[in-house]
Amino acid sequence: METVCNKLENCRVEIVATYEGDEWKNAQKKALNKLAKQVKIDGFREGHAPAKMVKARIGMARILEDAVEVILKDCFDDVFTKNNIMPVDQPQADIDEINEKVLKLKFTTTVAPEIKLGQYKGLDVVKEVAEVTDEEIDSELKNYQQQFAELVIKEEGTVENGDSVVIDYEGFKDDEPFDGGKAENYTLEIGSGSFIPGFEDQIIGMGIDEEKDLHLTFPEDYGAKDLAGQEVVFKVKVHEIKTKVLPEIDDELAKDVNKDGVETLDDLKQYISEQTKNRKQSEMDQKFYEDLRDALISSTPIDVPAVMVDKQLDSMMKDIEQSLSQQGITLDMYAQITGKTKDDMKEDYKEEAEKRVKYGLILDEVVKAENIEVSDEDVEKYFNDISAYYDSNVDEMKKIFANNMDAVKADIASSKAAELIENSVGVTAE
C-alpha cells in the first residue's frame with residue numbers, strides 16, 4: 001500500500017491509498033473464496049466449483065466490490081497509522097479507481113487542530129486559601145437555633161414576621177375564583193417568601209379568627225400566563241398563630257445537633273468551622289480551576305472543529321441523562337419540568353463543551369512540551385484511586401481497562417500536566 005496525505009481546510013485531511021500487486025490480488029482471492037461458498041453450480045458441491053466458473057457466474061464487478069470490503073476490513077487502520085493521523089470523526093472512504101490491477105481509495109477525515117502553545121506556567125490566576133470568621137460561625141449557630149426552635153401557640157396578640165400561621169385563603173380575579181388559588185388550614189411561615197410579593201406582609205398584624213382581603217398583583221414573569229401581571233384579591237382568615245421560641249446557644253443545643261464528636265458548644269463551633277472551611281475551599285478551588293482554564297485557553301487560541309465539540313456535547317448529555325436516571329428522572333421528564341428540549345440543553349452546554357475540548361488539547365501539548373512520562377507507579381496509583389472511588393476491586397478495574405491502556409496513560413499524563421500548571425501559580429489567603 002502506498003499513500004499520499006494532503007491537508008485540507010478546517011482540520012480536514014485527505015489520504016489517497018493505492019493497493020496493487022499481491023496485496024490487491026489476495027484481497028480479490030479472499031472475496032472470491034467467500035462468494036464461492038454462496039454460489040450453487042449444477043454438478044458441483046456448494047463451494048467447490050472451479051474459480052473460473054464462479055467468476056463467470058458472479059461477475060468481476062461483484063468480486064471487486066467485495067474485495068474493497070476486504071481491504072477496508074484488513075487495512076483500514078494502517079492507512080492512518082502510516083501517516084500518523086488520529087481521526088476525530090468517522091472517516092469517509094471513496095473509490096477513486098478500481099480494476100483487477102489497482103485499487104485507489106480516497107479517505108477523508110477530521111483531525112485535531114495544530115496548536116501553537118502559549119503561556120501555561122505562572123498564569124495570572126490566584127488560588128485562595130479559605131479562612132473562617134467568627135461572624136460566619138455565629139451565623140451558623142443562629143441557623144441551628146432556628147432549626148431547633150419550638151413553635152408555641154399564641155393565645156393572644158397578632159401575627160409578626162417569623163411567626164407561623166394556619167390560614168384559609170381563596171384568590172379571586174375580576175370577582176371570579178381562579179384555579180390553584182384556594183386552600184384550607186394551610187400552614188405558612190411569615191417571611192419565608194413562599195407566596196407572591198405582598199401576601200405575607202399583609203398578613204402581619206392580623207389576629208386570631210380575623211378575616212381580611214389582600215389586594216395584590218402577580219409578578220409579570222409568573223408561571224401561569226393567565227395570572228402574570230394581573231391584579232387579584234385573596235380572602236384570608238387566620239385560625240392559629242404560632243411563634244418561635246429559640247433555644248439558648250449552649251451545650252444543650254450542641255447535643256441536639258447530633259453530630260459525631262460534638263458534645264459541647266466549643267465542639268459545635270469547631271465542627272462549624274471545619275465544615276464552613278471545607279465548603280468555602282471547595283467553592284474557591286472550583287473558581288480557581290475555572291479561572292485557570294479560561295486563562296490557559298486565552299493564552300492559546302484554538303479553532304476547534306465542530307465535530308469535536310459535538311462529540312463532547314454528546315458525552316456531557318449522556319452524563320446528565322445518567323445522573324437524572326439515578327434520581328428516577330428521564331430526560332423527557334426533565335424537559336417537561338424545565339420547559340427545555342434536548343437541543344435547548346445542548347445549546348446551553350455548548351460553550352462549556354468547547355472549553356473542555358480546548359483545555360484537553362492544550363494539556364496534550366503541555367505533555368509533549370514537558371516530556372511528561374507515565375510510570376508503572378503512576379498507573380498503579382491510578383487504578384488504586386479509581387477502585388477506592390467506586391469501591392471496587394483493583395484487579396477487576398484493571399481487567400475493565402485492559403484493552404484501553406493507552407487512553408488510561410493519556411489520562412494520567414493530562415492530569416500530571418494540569419497539576420504542573422496549577423502548581424506554577426500563586427497562592428494567597430482569603
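Phe 218 touches Phe 178, Ile 196, Leu 227, Ala 228, Gly 229, Gln 230, Val 232 and Phe 234, leaving out residues up to four places away in sequence; to touch, or to be in contact, is to have heavy atoms within 4.5 Å. The model is a predicted one, in which local features need pLDDT of at least 70 and side-chain atom pairs count only at pLDDT 80 or more, while totals for chains, interfaces and linings use all residues. Residues are numbered from 1 along each chain as its sequence is written, and side-chain values use heavy atoms, with hydrogens and water left out.

To stay with Phe 218: this residue lies in the loop between β9 (211-217) and β10. Helices (H or I, at least four residues) and strands (E, at least two) are DSSP runs, numbered from the N terminus. Phe 218 has 4% relative accessibility and counts as buried; the classes are buried under 20% relative accessible area, exposed over 50%, and partly exposed in between, with a 1.4 Å probe and protein chains only. Its C-alpha atom is separated by 5.4 Å from that of Ala 228, ten residues apart along the chain.

Let me turn to the aromatic rings. Phe 218 belongs to a cluster linked by ring pairs, together with Tyr 169, Phe 178, Tyr 186, Phe 195, Phe 199, Tyr 222 and Phe 234. Rings of Phe, Tyr and Trp (its six-membered ring) pair if their centres lie within 6.5 Å; planes under 30 degrees apart are stacked, over 60 edge-to-face, and the rest tilted. The whole structure holds 18 aromatic pairs. Tyr 169 is buried, at 10% relative accessible area, whereas Tyr 186 is partly exposed, at 31%. Tyr 169 also pairs with Phe 234: the centres are 6.1 Å apart and the planes at 65 degrees, so this pair too is edge-to-face. Because Phe 234 lies in strand β10 (residues 231-245), the pair ties β7 to a part 65 residues apart in sequence. Phe 234 is buried, with a relative accessible area of 5%.

Next, the nonpolar cores. A core is a set of buried Ala, Val, Leu, Ile, Met, Phe, Trp, Tyr and Cys residues joined through side-chain atoms within 4.5 Å. The largest has 28 residues, and those with the most contacts inside it are Leu 123, Leu 292, Leu 361 and Ile 421. Helices α7, α8, α10 and α13 each supply at least two of its residues, and the largest share, seven residues, comes from α10. Beyond neighbours within four places in sequence, Leu 292 is in contact with Leu 123, Val 125, Ile 421, Glu 422 and Val 425. Another core, lying apart, has 26 residues, among them Ala 67, Val 70, Ile 71 and Val 111.

I close with the lining of the largest pocket. Its largest share, ten residues, comes from α10. By class, the lining residues are 25 nonpolar, five polar and 13 charged; Ala, Val, Leu, Ile, Met, Phe, Trp, Tyr, Cys and Pro count as nonpolar, Asp, Glu, Lys and Arg as charged, and the others, Gly among them, as polar.
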